[in-house]
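Here is a walk through one protein model.

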Protein chains: 2
Amino acid sequence: MKKLKRSARLADMMQYLIRRPHLLIPLTLFKERYQAAKSSISEDLQIIKETMEMSGLGELLTVPGAAGGVKYIPAVDLKQMRDWVEELRTGLEDPDRILPGGYLYMSDYLSQPQVVNQIGQIFSSQFRHAGLDYVITVETKGIPLAYATSQYLNVPFVIVRRDHRVTEGSVVSINYVSGSTKRIQTMSLARRSMKANSKVLIVDDFMKAGGTIRGMMDLLQEFEAEVAGACVFVESLATAEKLVENVYSLLRLCDVDIKNKTISMQLGSIFDDQ
Amino acid sequence: MKKLKRSARLADMMQYLIRRPHLLIPLTLFKERYQAAKSSISEDLQIIKETMEMSGLGELLTVPGAAGGVKYIPAVDLKQMRDWVEELRTGLEDPDRILPGGYLYMSDYLSQPQVVNQIGQIFSSQFRHAGLDYVITVETKGIPLAYATSQYLNVPFVIVRRDHRVTEGSVVSINYVSGSTKRIQTMSLARRSMKANSKVLIVDDFMKAGGTIRGMMDLLQEFEAEVAGACVFVESLATAEKLVENVYSLLRLCDVDIKNKTISMQLGSIFDDQ
């Protein structure tokens, strides 16, 4: 790379770091990339750190020592989180979203990359210091959320299938009972897709009684994995008895009134202790 | 935002732009954000533009006039594309990936956010000036690729289902014939998920004869959509007769030799005319 002026160097350093979250970058890499002295690089990183904090991008950690460097940890502060979720809530309370049977249409929200990105940033921020190995979800609508979350954590994401496909090799399957419909269903995960003794975050788009999340927890036991937590976009309050505890939700769906055409939502459990 | 020094301003401008691809940002936004004169902002943007080009991030377009501004268009150059794909190819040719039946295990690759990101960058780069309205895929493994692609294009992504779920409202379903297994299958898309007369890019992970892509094309006709193109990660050469033409692939799977435990791959059609 040709030698850059300071302002260009700072701009490049910023893009380099935010495109590589949770990756330890040795200072020598920057020294070589910019043909600059270590002292200049350290000063630059201090400015990057302050800019990241000011713009609400997260933290720049310094790891000291010979094997050290810097690591960008994306994080979302409470105000930003609340602003994003309040905006989503307003959009989702639109009565045109009521579908026959009292369901709520929200696929269009989960189709917008900005929205998926925001949700992924919030979920990953909540578990940024948990030392996760994987993010896991079950097909279909949770997949973009799991991917977005994993992107900000720089760990692989794993997709549990509702059937087993031949291209996956040997799979582990379990039966589980959906908490709301009481139907017995199957989910499976390829044996190869996860190392034993991993720490895992469960992500999904919607939760009623929590049967699907309960199923994923049981499946993860077969892989001797530790569940660090679970995050859902929307949690329904229609089913009082939950099969899982301590699930973080961004929004709570309190009521869908088909007769009067109203939807009422509240901020989710992620805001409860904040 | 407090008034920043030039180097911090450049760093912040970079993160602001690369986190908002394909979005027109008026210069007044930067003027206010940094409390700086228009002439300084213009100079800064020139430096950002040069840095983006040098680091292979893409283009910074200037849109003149009162309703103008700047727009960041992510792009990947041929060398970068080739380096990424060659590295993936080396990893995928590992004989341990051969599954019973001559299938190739590649789910672990499509589980790594960096890999999915690279593929999304390449696909989006190829269609960055196509004026797309949507990226579309069919569940399951293509979903992360479609999302990553849509993220770099700043357009919604749409997931075609292999069944229909009640939470989607009214759906359009079609039957299609898988080109390799000759089985009749169903795919469906919610009526609400796409506006009429849209321009669409099809994305998937794997293509044999192209029956699934052909099916998506037929389904898109029901939405009066125009197909701008189709991109797949890996194209199999095992099926000679293809049901679709002009599909961009990153890699070609030439042969899986179960007896001698070898896999042979080539660069895909995206490199053909380059």
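**The largest cavity and its surroundings**

In this predicted model, the lining of the largest cavity is made up of Leu57(A), Tyr72(A), Pro74(A), Ala75(A), Val76(A), Gln121(A), Ser124(A), Ser125(A), Tyr152(A) and Arg19(B). Two elements of chain A each supply two or more of these lining residues: β2 (69–74) and α5 (113–126). The largest share comes from α5(A), with three residues.

Six residues are nonpolar, three are polar and one is charged. The domains matter for orientation here. Domain 1 (6–74) and domain 2 (78–271) of chain A each give at least three residues to the lining of the largest cavity.

How much space lies in the largest cavity? The volume is about 50 Å³. With a cut-off of 30 Å³ or more, the count of cavities is three.

Step back to chain A. Its secondary structure consists of seven helices and twelve strands. Along the principal axes, the C-alpha atoms of chain A fill a box of roughly 65 × 45 × 30 Å.

Next comes burial. Chain A has 274 residues, and 55% of them are buried, with under 20% relative accessible area. The accessible surface of chain A is about 11900 Å². Carbon and sulfur atoms account for 47% of that surface.

Finally, look at contacts along the sequence. Take the contacts in chain A between residues at least 6 apart in sequence. Of these, 61% join residues at least 24 apart.

Key. Residues numbered from 1 in each chain as written. Chains lettered and ligands numbered in written order. Predicted model: local features only at pLDDT ≥ 70, side-chain atom pairs only at ≥ 80, totals over all residues. Heavy atoms only, no water. 1 Å grid on protein atoms, 1.4 Å probe; cavity = no way out; pocket = protein on both sides within 12 Å on 5 of 7 lines; lining within 4 Å. Points joined across faces, edges and corners; volume = space filled by probe spheres on them. Helix = DSSP H or I, 4+ residues; strand = E, 2+ residues; numbered from the N terminus. Nonpolar A, V, L, I, M, F, W, Y, C, P; charged D, E, K, R; others polar. Domains from an automatic or database assignment. Buried < 20%, exposed > 50% of the residue type's maximum accessible area, 1.4 Å probe, protein only. Contact = heavy atoms within 4.5 Å. Areas by Shrake-Rupley, 256 points an atom, 1.4 Å probe, with all protein chains shown as cover.
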